[in-house]
Amino acid sequence: MLMRSPLKRRVVALFLLCAFFLIGAATAAANPYSVFIVHCEPRNADGVHFLNLMDMMDEADAQGVKVTIDFTPQWVDMILGNPSFLAAVQGWVLNGHEIGAHHHGYGVSLVRGTAWDGYSNVDPAEMSSDYQAEYRGDMTDFMALLNSLPGTRTSGTLGLSEPEDLGDWPGSLTYSVRGHELSDVVSRPERVLYGGHWVWEMRHGLFWSATAAELQSAYDAAASDEIFAVVTHVSNFKGSEIAQQRIHDFFAFLASREPSGQRLVTVTEAMGSSRMEVPAHSLWSLIGLVMLLALTGRQNAQKARGL
């Protein structure tokens with residue numbers, strides 16, 4: 001009996017420890033990490049759209065929603081040239097929002113006709129003559145400009161889908177985001193390789209590609225170690241009163257599901273936290289392993305005593 005008691009106490013202690021972590025994960029981390037991303041396009045870099053962005057940020061702050069704002073270089077130029085705009089960006093950073101990078105590459109502009117932002121690691125001599133005059137620099141120059149804004153750049157949506165753009169990933173960025181479809185709304189971080197750089201990547205779905213009900217359903221179905229992320233553009237926010245109301249209602253929905261705001265986060269916060277999250281099924285596996293080891297230890301002890 002004296003030999004069994006320490007073993008029993010160890011089994012009970014290990015079981016209670018595992019149960020404690022399991023209950024904590026199920027109660028404190030029931031919701032997914034939620035990320036709201038805004039893209040600021042090159043052709044919309046003007047005062048009207050910046051004021052629209054300010055209105056959107058006011059809506060987000062009122063509901064406690066963190067926003068990741070991905071600026072293109074044209075927006076950075078505009079902000080740096082306007083002290084009031086720069087002060088607004090500084091205020092957003094102080095409020096816990098993130099300033100990320102958004103890139104419209106040379107290759108994707110050739111295929112899709114989007115407005116190129118003027119930066120690429122492609123040799124200008126190899127570019128179409130129509131684009132050579134628009135060249136502003138390589139991706140080192142791109143990041144130097146983006147880093148002129150307040151905060152620290154750690155994430156970006158660079159859209160490296162075309163062969164000419166695959167070498168455009170800046171080595172200083174840690175996290176990548178991509179995706180458009182409803183199926184991209186929920187994801188887990190994965191390692192990807194861009195131009196020799198290993199980075200962590202998550203997905204986001206276009207806010208306007210799904211109904212409010214579909215987004216709410218996707219959020220409610222997501223696990224606590226997953227990231228629920230949507231993206232929109234500044235130009236969409238004031239497109240109509242209906243669009244403004246949808247954004248307002250979506251922020252209110254997120255706040256209702258996560259009143260503490262703890263898991264309403266930026267891209268960098270979500271990527272850092274979700275990779276550390278231990279899924280509930282892993283905790284159950286841990287409990288099973290502990291019980292198996294305890295049982296094996298007990299059987300070995302019985303054999304040693306000749307039982």
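Trainee: Which hand does the crossing of α2 and α10 have?
Mentor: Bear in mind that this is a predicted model, with local features needing pLDDT of at least 70, side-chain atom pairs counting only at pLDDT 80 or more, and totals for chains, interfaces and linings using all residues. Residues are numbered from 1 along each chain as its sequence is written, and side-chain values use heavy atoms, with hydrogens and water left out. Helices here are DSSP runs of H or I with at least four residues, strands are E runs of at least two, and both are numbered from the N terminus. A crossing is left-handed if the near helix is turned anticlockwise from the far one by less than a right angle, and right-handed if clockwise; for α2 and α10 the crossing is right-handed.

Trainee: At what angle do helix α2 and helix α10 pack?
Mentor: Axes are lines fitted to C-alpha atoms, for helices over the stretch in contact, and angles run from 0 to 180 degrees between N-to-C directions. The axes of α2 (residues 47-63) and α10 (residues 241-257) lie 9 Å apart, and the angle is about 20°.

Trainee: Which residues in α10 do Met56, Glu59, Ala60 and Gln63 meet?
Mentor: Contact means heavy atoms within 4.5 Å. On that basis, the α2 residues meet His248, Phe251, Ala252 and Ala255 in α10.

Trainee: Is Asn52 buried or exposed?
Mentor: Asn52 sits in helix α2, and beyond its neighbours within four places in sequence, Asn52 contacts Val234, Phe237 and Lys238. Buried means under 20% relative accessible area, exposed over 50%, and partly exposed in between (1.4 Å probe, protein chains only). Asn52 comes in at 13% relative accessibility, so Asn52 is buried.

Trainee: And what relative accessibility does His49 have?
Mentor: His49 is also placed in helix α2. Leaving aside neighbours within four places in sequence, His49 touches Asn44, Trp75, Val234 and Ser235. His49 counts as buried because its relative accessibility is 15%.

Trainee: How far apart in space are Glu164 and Gly105?
Mentor: Glu164 lies in the loop between β4 (155-157) and β5 (175-178), and is partly exposed at 33% relative accessible area. Not counting residues up to four places away in sequence, Glu164 touches Tyr106, Gly107, Leu110 and Val122. Glu164 and Gly105 are 59 residues apart in sequence, and C-alpha to C-alpha they are 8.2 Å apart.
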